[in-house]
Amino acid sequence: MTPDKRYRPIDAMVYPRFSGIRTFMRLPYVTDLTGVDFAVVGVPFDTGGTFRVGARFGPEGIRSQSTLLRPYNPALKVPIFDICSGVDYGDLPVIPGYLPESHKQITEGAAAVFASGATPVFLGGDHSVSLPLLRAAAGKHGPVALIHFDSHSDLWPAYFGGKDTHGTPFRRAYEEGLLDTARSSQIGLRGSLYDESDALMTTEVGMQLITGPELHEIGVKETIRRVKERVGDGPAYVTFDIDFVDPAYAPATGTPEVGGFTSAQCLQLVRGLAGLNLIGFDLVEVMPPYDPQGNVTCLLAANLVYEFISLIALSRKNKT
Ligand code: MN
Ligand code: MN
């Protein structure tokens, strides 16, 4: 990459943080990914929702709350933009109300990002978008390890007879061979279920299960150890459903479940993934219309995306 092609946020010591156009972290909006290390990509689609909807406003809400993020991450000791050239790629095209058509567009759009060599960070959208995103990821990398933070397994065979909703993406991904389940983990599952058999779905498809109560019991460090041990050196994709977080910290989501995790625990868990071969990220189910005064859910989501980006910078730093 030539130094003059380096993309970084607007200098907040020159232009105050409340000014300018709300891209993620006030990065330049760029769609030519030549020389780009990471791209933040919106996927504003919520036709897969089965209860509340509104995640179509997720990318916009997360971008709005990202304006205070600064370029040095002290927890990971990483000066992101000394290492990385990063952009906001805008949003992938979708057709509201038309799920199969939109999923096709999302796969094509995401495939172009993967093909460029930039590491994508996708802003959902409901969790159904992870299926087309994984199709694109597996198209480039082959079956990937899934690191899945969520209250729910999203492994149900169907909802209302429909095979594509935000409760089914990983069942489809498993059936399509997009996942290396032996290297995958689902973390944080909790809340009431339809049937005893629901609790077995994760292990039945071959993934490691660390339930919400178990995570509380064993703690963040041991959870990270188990997840990393399982992933190994191969490519891994991180999907983070904001309902993993306790609704006290992230109320603006589609299917909230109590007994979750704090903002601080979430940051620790994501940072703990440093050192893995992470090929892509998504953060889904953020619904700004349900966010109370203060936009706490979008603020946490923006900070989690910042940690994803920091991990990308860290891995590129260690490679050079
Ligand atoms: Mn969920
Ligand atoms: Mn989910």
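This note goes through the predicted model point by point, from its metal site to its sheet, helices and aromatic contacts.

1. Basis of the values. Because this is a predicted model, local features need pLDDT of at least 70 and side-chain atom pairs count only at pLDDT 80 or more, while totals for chains, interfaces and linings use all residues. Residues are numbered from 1 along each chain as its sequence is written, chains are lettered from A and ligands numbered from 1 in the order in which they are written, and side-chain values use heavy atoms, with hydrogens and water left out.

2. Donors here are N, O and S atoms within 2.8 Å of the metal (3.2 Å for Na, K and Ca), and water is not among the atoms, so sites may look incomplete. Helices (H or I, at least four residues) and strands (E, at least two) are DSSP runs, numbered from the N terminus. Buried means under 20% relative accessible area, exposed over 50% and partly exposed in between, with a 1.4 Å probe and protein chains only; His-152 counts as buried at 11%, and Asp-243 at 1%.

3. Manganese ion (ligand 2). This ion is held by His-127 (ND1), Asp-150 (OD), Asp-154 (OD) and Asp-241 (OD), at 2.1 to 2.2 Å. His-127, in the loop between β5 and α4, and Asp-241, in strand β9, are 114 residues apart. His-127 is buried, with a relative accessible area of 0%, and Asp-241 counts as buried at 2%. The two manganese ions (ligand 1 and ligand 2) lie 3.2 Å apart, with Asp-150 as a bridge between them.

4. The sheet. Eight strands make up an open sheet, in the order β4-β1-β5-β10-β9-β6-β7-β8, with parallel pairing; two strands pair if DSSP finds at least two bridges between them. β4 (86–91) and β8 (208–211) are the edge strands, each pairing on one side only. The twist from one strand to the next averages 15 degrees, where axes are lines fitted to C-alpha atoms, for helices over the stretch in contact, and angles run from 0 to 180 degrees between N-to-C directions.

5. Helices on the sheet. Helix α4 (residues 130–141) packs on the sheet and touches β5 (119–124), β6, β9 and β10 (278–284), its direction making about 175 degrees with that of β10; contact means heavy atoms within 4.5 Å. Helix α7 (residues 212–231) lies across β6, β7, β8 and β9, and runs at about 155 degrees to β8.

6. The whole structure holds 11 aromatic pairs, counted when ring centres of Phe, Tyr and Trp (its six-membered ring) lie within 6.5 Å, with planes under 30 degrees apart called stacked, over 60 edge-to-face and the rest tilted. One of them is the edge-to-face pair of Phe-149 and Phe-244, 5.3 Å centre to centre with 75 degrees between the planes. Phe-149 lies in strand β6 and Phe-244 in the loop between β9 and α8, so the pair ties together parts that are 95 residues apart in sequence. Both residues, Phe-149 and Phe-244, are buried.
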